[in-house]
Amino acid sequence: MNKKEFVCIACPNSCKLTVWEEGGEIHVDGHGCKRGIDHGKNEYTNPMRMLTTTVAIEGGHHRRLSVSSTGEIPKNMISQCLDVLYAVKLVAPVKRGDVIAADICGTGVDIVASRTMKHV
Amino acid sequence: MKKMNFDIAVIGGGPAGLAAAIQARKEGAEKVLVIERDVELGGILQQCIHDGFGLHRFGKRMSGNEYAQEFIDELENTDIEVLLDTMVLEVTRDKVIYACNNKDGMMEIACKAVILAMGCRERTASQIQLMGYRPAGVLTAGSVQRYINMEGYLPGKKAVILGSGDIGLIMARRMTLEGMEVKGVYEVMPSPGGLTRNIVQCLDDYDIPLHLSTTVAKVHGKKRIEGVTVAKLDENRQIIPGTEEYIECDLLVLAVGLIPENELSVGCGIELDERTRGPVLDNHFMTSVPGIFACGNVAVVFDLVDYVSQSGEIAAKGAVAYMNGKLTGGEGTEYVHTVPAGNVNFIVPQKIVKGEECEVQLYMRVKHPDKKAVLEVSEDGQVTQTGRHPFVAPPEMISCTVKATGNADVIVDMKEGK
């Protein structure tokens with residue numbers, strides 16, 4: 001039985017969750033509401049996160065362009081995705097929403113520009 | 001000197017200023033100007049690449065610059081004029097702005113109303129009496145954010161963060177993702193300064209330790225920082241002898257609070273509130289100087305940009321009403337006040353024009369965390385509304401709409417949970 005502890009962030013109440021697997025089922029304790037159960041189960045089985053970072057750009061006001069994932073990606077794939085993004089080099093202009101990396105690392109999620117950068 | 005005339009000038013092109021300018025134009029002001037000292041609009045949002053913005057306003061999670069882009073795109077489709085790379089030097093009580101830039105030189109801009117939207121500044125090393133030399137490598141969290149997210153520099157390899165405000169937590173994650181080692185976050189107070197969700201997603205996710213009741217007692221290194229001594233604090237915030245520990249680092253990040261940027265406001269004699277450190281405002285977000293309004297973090301440090309935009313829109317409506325002669329303000333105007341009680345620390349706006357029956361948007365913070373608290377609003381001993389708050393804490397600003405008769409002070413009491 002592998003017990004894990006999480007602080008629930010479904011609301012500001014910050015319940016301290018204990019999550020464990022027993023008899024093929026996942027159990028959550030310490031939650032104050034139903035959202036805590038869902039949060040605890042997700043964190044235990046497959047934690048997902050949004051990814052925001054920057055990529056290199058030339059020809060704009062700045063040397064970095066901020067990018068964002070269009071959905072959540074598995075937490076354990078973040079560093080793999082970063083390796084892909086840190087190899088990217090763009091040239092301005094770029095418009096917000098332009099796809100920088102489609103279906104990054106097979107996650108089904110795109111990485112898009114989160115701002116517009118004009119050519120200067 | 002170049003002379004210009006505008007209906008409304010907005011000082012600052014961040015989220016507050018953008019929302020204010022757009023709203024002022026919608027309300028019928030014909031000549032609207034935004035003055036911004038950076039080379040682009042968006043303000044501090046341009047370096048906030050993390051997500052979590054816009055939940056209230058757009059119903060989705062956006063990054064800071066995505067949120068800014070929504071407003072920039074909207075503004076660029078209007079005839080609102082923008083002066084970039086332009087520094088405002090002075091605002092007079094007669095609503096004349098003196099500003100300068102490389103292209104136009106000195107400018108005198110006369111306006112019918114002025115909206116202050118300069119935002120806030122970070123507290124620096126000298127404001128927290130950091131002991132030791134003044135080596136390179138001691139930076140505020142916002143500076144580190146700008147270096148990494150916009151300019152493409154890594155300001156160090158091994159970082160220590162002092163202060164657990166939200167920007168510090170966000171930067172702990174950013175630095176880690178950029179391959180830096182974050183040795184720990186040290187917080188003087190016994191409870192974190194930032195939101196729990198940021199502690200979970202920025203520290204816990206990357207196993208970055210948070211040390212409460214601990215401070216940086218000394219900075220080591222002459223030319224460049226070599227390390228810091230951290231030490232535990234007792235309940236009187238005095239160093240507990242024997243708890244000192246040396247930590248090697250080449251960057252100390254300060255995330256020790258924000259202060260509204262009111263140099264211009266003070267320059268024209270605007271009355272400030274010592275609790276918010278921003279101007280004392282009425283229900284139209286007008287300052288003590290008639291025709292000068294304030295919104296966003298120059299008014300009070302908000303923590304949600306959605307509220308910042310909202311405050312910009314309130315100020316813009318006020319500014320247009322003033323321009324059209326519907327508001328006067330100043331010495332001839334009588335006010336009733338919004339009065340914090342119980343666990344409420346402060347309220348913005350601080351006053352309501354007497355006799356104005358209105359719905360007023362109040363922004364407040366509590367003094368200490370509590371559960372199952374009840375917000376009770378009353379006038380003249382009569383409770384006018386109540387609201388339940390399952391959880392309150394100082395880092396979470398509370399916003400609510402309150403109906404006021406304008407005839408008596410509005411007492412806002414956050415009653416302790418049972």
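**Close-up 1. An open, antiparallel sheet of three strands in chain B of the predicted model, with the strand order S21-S23-S26**. Strand S21 (344-348) and strand S26 (398-404) of chain B are the edge strands, each of them pairing on one side only. From one strand to the next, the twist averages 35 degrees.

**Close-up 2. The pairing of S23 and S26 in chain B, with helix H8 of chain B packed on the sheet**. Strand S23 (residues 358-366) of chain B runs antiparallel to S26(B), and the two are joined over seven bridges; B:Cys358 stands opposite B:Ala404 in S26(B). Helix H8 (residues 305-323) of chain B touches S23 and S26 of chain B, and its direction makes about 145 degrees with that of S23(B).

**Close-up 3. The contact between chain A and chain B, to which chain A brings 26 residues and chain B brings 34 residues**. The two chains bury about 2,700 Å² between them, with 47% of this area on carbon and sulfur atoms. Of the area that chain A buries against chain B, 20% is supplied by A:Ile9, A:Thr52 and A:Arg96, which is more than any other three residues supply.

**Close-up 4. Polar and charged pairs across the interface of chain A and chain B**. Six salt bridges are found across this interface, and 21 residue pairs are in polar contact, counting pairs with both residues at pLDDT 80 or more. In one salt bridge, the side chains of A:Arg115 and B:Glu40 meet at 2.5 Å, N to O. On the side of chain A that touches chain B, strand S5 (52-58), strand S6 (64-69) and helix H2 (78-85) of chain A each supply at least two residues, and the residues of that side divide into seven nonpolar, 11 polar and eight charged.

Notes: Residues are numbered from 1 along each chain as its sequence is written. Chains are lettered from A and ligands numbered from 1 in the order in which they are written. This is a predicted model: local features need pLDDT of at least 70, side-chain atom pairs count only at pLDDT 80 or more; totals for chains, interfaces and linings use all residues. Side-chain values use heavy atoms; hydrogens and water are left out. Two strands pair if DSSP finds at least two bridges between them. Helices (H or I, at least four residues) and strands (E, at least two) are DSSP runs, numbered from the N terminus. Axes are lines fitted to C-alpha atoms, for helices over the stretch in contact, and angles run from 0 to 180 degrees between N-to-C directions. Contact means heavy atoms within 4.5 Å. Buried area is the accessible area (1.4 Å probe) that two parts lose on being put together, summed over both. A salt bridge is a side-chain nitrogen of Lys or Arg within 4 Å of a carboxyl oxygen of Asp or Glu. A polar contact is a pair of N or O atoms within 3.5 Å; within protein, one must be able to donate a hydrogen and the other to accept it, and residues adjacent in sequence count only if both atoms are side-chain atoms. Ala, Val, Leu, Ile, Met, Phe, Trp, Tyr, Cys and Pro count as nonpolar, Asp, Glu, Lys and Arg as charged, and the others, Gly among them, as polar.
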